[in-house]
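Hi,

Here is the structure you were waiting for. My notes on the backbone follow below it.

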Amino acid sequence: MRSSLRGAGAVASATALVVVVAGAWFGYRQLVQPACSGQVQLTVAASPELAPAVRAAAAGWVADGAAAGGTCIAVDVSAVDSVDVAAAVASKHGVQLPGVGQASGAVVTPDVWVPDSSTWLLRLKSAGATAFAPSNGGSIARSPVVVAVPEPVASSRLGWPEKKLTWSDLLRQVSSSKPLRTGIVEPTQDAAGLSGLLSLTAAAGASGGDAQAATTGTLRALATGRSALREDLLARFPRSSDPTAIASGLGAAALSEEDVMAYNKGKPPIPLAALYLEPAPVPLDYPYAVLPGVDPAKQSAARVLFKVLTAPGFRDRLAERSLRAPDGGWGEGFKAPQGAPSPAGGAGATPAPGGNGSGFLDPAAIERAVSSWSIATQSGRMLCVIDVSGSMKQPVPGANNATREQVTVAAASRGLNLFDDSWSIGLWTFSTRLVGDRDYRELVPINPLSGNRTRLERGLATIRPSNGDTGLYDTLLAAYQEVQNGWEPGRVNSVVLFTDGKNDDDGIPQQKLLSELKRIADPERPVQVVIIGIGADVSKAELESITKVTGGGSFVTEDPTRIGDIFLKAIALRPNAPR
């Protein structure tokens, strides 16, 4: 009994001592920390796997008296998927990101955005968000992109862990007579999926032979195993050691290193091996982006928070979340997968502030990959309309003096190879008075490519410039009506028109065209109009006046050699459903 009382007294004394020490420490902190007044509320949206580390660091900073310029700082950290913030930012800046969808309205753009990858920032800029100029952009974490493979499959088919593998090795497995069952999280909505897509299509393009055919085949192989959500894809990996389950389960997918580590922490029956393929793909680099329009007080607060999130101690918080530091190294407690490099390689998606950008991913490569994916994996109904007016005879110096017509037809022919047989496509040409007084000529009616592909190829091969002018308005109205009359539900019904000039026909005037398009437009049967303008004679305002009525978009380039990439981007543009 006495012993118990002695113990209780010791506990009470110790407790009192702790209270005294804590009180003294609180009083000391009150004396030494700088006084602040007022409050700046800084909102931060971070990728969900990173948000707990950011929240903990911010909470510690605030508890220690966070201040900037004498003003107290409060920080609100939200875990938000990068694609959802990207949709909200795109909507705010009046642009569309292919495959992302419209903002739901539930996500409000923050003061500071930490997406999982700088590719989101590049895609917004490439989409035309000219006012989107976030400051800072420095990385606060990193997770390499790996190929996740069930361990039995990795060892039996790929020689893991002894063999060093490349993306070309994986490509051979994907395209073999007994292809590896591959999956991917929708790369238009997932940065790790996009990184894997970029690496695999680069390997296909460098494989020799018909690079476009190899790339298209790779896109379609990946598309058969795509998932809209990462959780759905992970659920398709084998859940049993039974050989049948392993053979029928998902065999490989591009994921982040953090995804694999988190999955294996759940002690699944079949763990995943993380394969670090060469060349190293673009990693998730978690850029710290202060969004434009943030007031000066919040900018100051954001600058100080960035220092907190790049201090040495933050590495250990990252390690707790299975994330690396920005330099590719890791903090205390990080349990690296077998074969993990330290530090992790892989070029960042954007150059550091003040850098020359060498060695970093070309934004055009991202745009091309996203557009090609969208075309190869979607289905639609399209009427392609090509200008054959006299000005299309003009030579293009950057294309070995091929004519504008030849460059345009070549771009359309290459694009045709991306469409699978589920598409329905037709082909018209236009100028002035091509058929009697009519400005347009039907070369191939709109029909499924399963039986129409050869006719389209032959039709494109016959196209030659005329000596006529540009009968744009009459042609566009007729093309719109043609697509509308055969409208099909569940598909994007569209007109894609190439032209190198303004309307100079004596047919219907512009206002009559716009009023007629408004009159016949049917929201239950929408027809999207995409116009690609070539050369300096095109009026962007004229084209935009049309697409504002119909939906779709207009693209103008003075460099006809860019038509191919613009065509891909234009076709990938489709009505965005709400997220």
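First, a word on the labels: helices (H or I, at least four residues) and strands (E, at least two) are DSSP runs, numbered from the N terminus. This is a predicted model, where local features need pLDDT of at least 70, side-chain atom pairs count only at pLDDT 80 or more, and totals for chains, interfaces and linings use all residues. Residues are numbered from 1 along each chain as its sequence is written, and side-chain values use heavy atoms, with hydrogens and water left out.

Now for the backbone. Most peptide bonds are trans, and most residues other than glycine have a negative phi. The spots below go against that.

Two cis bonds turned up. W160 and P161 are joined by a cis peptide bond, with omega about 5°. P161 sits in the loop between α5 (151–158) and α6 (167–174). The bond from E278 to P279 is cis as well, and its omega is near -5°. You'll find P279 in the loop between β10 (272–275) and β11 (287–290).

Then there are two asparagines with positive phi. N136 has a phi near 70° and lies in strand β5 (residues 135–139). N400, also not a glycine, has a phi of about 55°, and its place is the loop between β13 (395–396) and β14 (402–403).

How accessible are they? Buried means under 20% relative accessible area, exposed over 50%, and partly exposed in between (1.4 Å probe, protein chains only). N136 has 32% relative accessibility, so it counts as partly exposed. N400 is at 76%, so it counts as exposed.

Cheers
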